[in-house]
Amino acid sequence: MSEKYLKLSPTIHLAPRIIRNLRERIVELLLLGAAISSIATTIGILGILIYESFSFFQQVSIIKFLTDTEWSPLFENPRYGVVPLVSGTLVTTVVALSLAIPLGTIAAIYLSEFASPKLREIAKPCLEILAGIPTVVYGYFAYLFVTPLLQIPLPDLPGSNMLSAGLVMGIMIIPYVSSISEDAMRAVPVHLREGSYAMGATRLQTALRVVFPAAISGISAAYILGISRAVGETMIVAIAAGLQPILTWNPMEEAATITAYIVGVTQGDLPHGSLEYQTIFAAGLVLVLMTLVFNILGHFLTKRYREVY
Amino acid sequence: MVENHPSQASKFKCEVKNLNFYYGSVRVLKDINLSVFSHQVTALIGPSGCGKTTLLRCFNRMHDLYPGNRYTGEIELDKINILAPWIDPIEVRMRIGMVFQKPNPFPKSIYENVAYGLRVRGQSQRSAIDETVEQALRNAALWDEVKDRLYDLAFNLSGGQQQRLCIARALATNPEMILFDEPTSALDPIATASIEELITQLKEKVTILIVTHSMQQAARISDRTAFMYLGEIIEFDRTQTIFSDPTHRKTQDYVNGRFG
């Protein structure tokens, strides 16, 4: 091959084509390897979850697992109904999102459309610090500060409750929502904004009627990330919402989430391979599936309402 | 030309008086004086960077959107100085529409694009909006092409159609004047011809101020032409005069293609 290539111009000095191609090929393989490693990790995690859950479901029927309303795998008469853990997870998530989505979105609109560049430079990192606080700190903040505060208007609130855990989790999630939403809104081309202003629109009208809808796909990605963070959050709920798997939809009660159960049960000594040990993986699988469902749902919603620019 | 419109109270829609414009401390426009005749097309020509777009954007106070911009002097719209600090720029933009260089329809349906100006003015009566949208699309010579797909995304239209949609959007709110910022520079020759024809028809309804990069375009569609150079208006006259018998050497060199 190489002896056949034509020297078009004697003044251009290139490395022989074969070496060039080899170099390109090596770089390509390195890049491919890096990309594969993250996919491989995901597949590995899913594999272990499914493998361990499989032996769990050989002893506990899936129907029982999904319909039984009691979760007491460590008791003498163990019951394996995952519903109380799912309800705990959903309630804390809903509480967190009902705080984080409105506040995060408003913060994003303000930072992207109203704040002066100087203010944005200060406010954005400040907001992002919220995401960097260790979640164990948030947990105790909820347990030792927010709960007593909430007990002033709500004297019947138990020491561990999902309301306080959910609210603090919401505060933690605000920067995820606001930061990505703001990026999405700032990416909306300036000629769309100017088009709106030229029509006599105000700043607020431009932000809500043009910029927000144009950025909706990025904004929903932010919401989905927020949901995933809330569903998977562990320390805050383990500390502030309690470890009792109680089936309730009332946020003013104590209840364990899936993650809180996992962290609670791994603190004890569980014999490797026992049924109790395998509950961790079954619960973990439910968690992964929940996040997956939200992601897929979000993906389709985003596609449905996307306004391309 | 002016004499064709005796009903018009004043022959000038806009008068620019000693306008200076600064980006920060840089003086970009220098002592601009210009009269925009009612129901005529006035073209601003000149080499890149001469300030023609900057001047155009003074008329609807787009410069107010960005910090550090400053005007001195006056632009009178029907004898009222619209650059005065107490004048609300939003009110100015409601009377003076604008069409941009690159077609910039909103990521919404064709219908919603045209209805946008009505919606921001608080109009919500469905039948009134329907009627205005249809009228605006007819005036922009787009109705026949889009009447069966009003609820399609505006991005599915061709570039020329998108630009006519932007013109319809500007027309829907019944402005007195429309500013065109090189409206055909992103379009092919056929789309350009249709936009030019449209502009010629529109001067029945509105006063038009257009920035153009193309001298031929200015010659084809405008009644008056201002030649700008380095932030100043070198010469302003009837278009025919500017192109056939300009007073200034600079103008002559430019229109004959010797620079720019």
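A salt bridge here is a side-chain nitrogen of Lys or Arg within 4 Å of a carboxyl oxygen of Asp or Glu. The model is predicted: local features need pLDDT of at least 70, side-chain atom pairs count only at pLDDT 80 or more, and totals for chains, interfaces and linings use all residues. Residues are numbered from 1 along each chain as its sequence is written, chains are lettered from A and ligands numbered from 1 in the order in which they are written, and side-chain values use heavy atoms, with hydrogens and water left out.

**View 1. The salt bridge between chain A and chain B.** The rule finds one salt bridge across this interface. Glu194(A) pairs with Arg57(B). Their closest N and O atoms are 2.7 Å apart.

**View 2. The contact of chain A with chain B.** Contact means heavy atoms within 4.5 Å. Chain A brings 22 residues and chain B brings 27 residues. The two chains bury about 2,000 Å² between them. Buried area is the accessible area (1.4 Å probe) that two parts lose on being put together, summed over both. Carbon and sulfur atoms carry 61% of it. On the chain A side, Glu194(A), Met199(A) and Arg209(A) lose the most area to chain B. Together they make up 33% of what that side buries.

**View 3. Polar contacts and helices at the same interface.** Seven residue pairs are in polar contact across chain A and chain B, both residues at pLDDT 80 or more. A polar contact is a pair of N or O atoms within 3.5 Å; within protein, one must be able to donate a hydrogen and the other to accept it, and residues adjacent in sequence count only if both atoms are side-chain atoms. In chain A, α7 (190-198) and α8 (203-214) each supply at least two residues of the side that touches chain B. Helices are DSSP runs (H or I, at least four residues), numbered from the N terminus. The largest share, eight residues, comes from α7(A).

**View 4. The two domains of chain A.** Domain 1 spans 10-59 and domain 2 spans 83-305. These bounds come from an automatic or database domain assignment. The domain centres, taken over C-alpha atoms, lie 32 Å apart.

**View 5. Where domain 1 of chain A meets domain 2 of chain A.** Ten residues of domain 1 are in contact with nine residues of domain 2. The buried area is about 860 Å², with 78% from carbon and sulfur atoms. Leu49(A), Glu52(A) and Phe56(A) supply 59% of the area that domain 1 buries here, more than any other three residues. The count of salt bridges between these domains is zero. Two residue pairs are in polar contact, both residues at pLDDT 80 or more.
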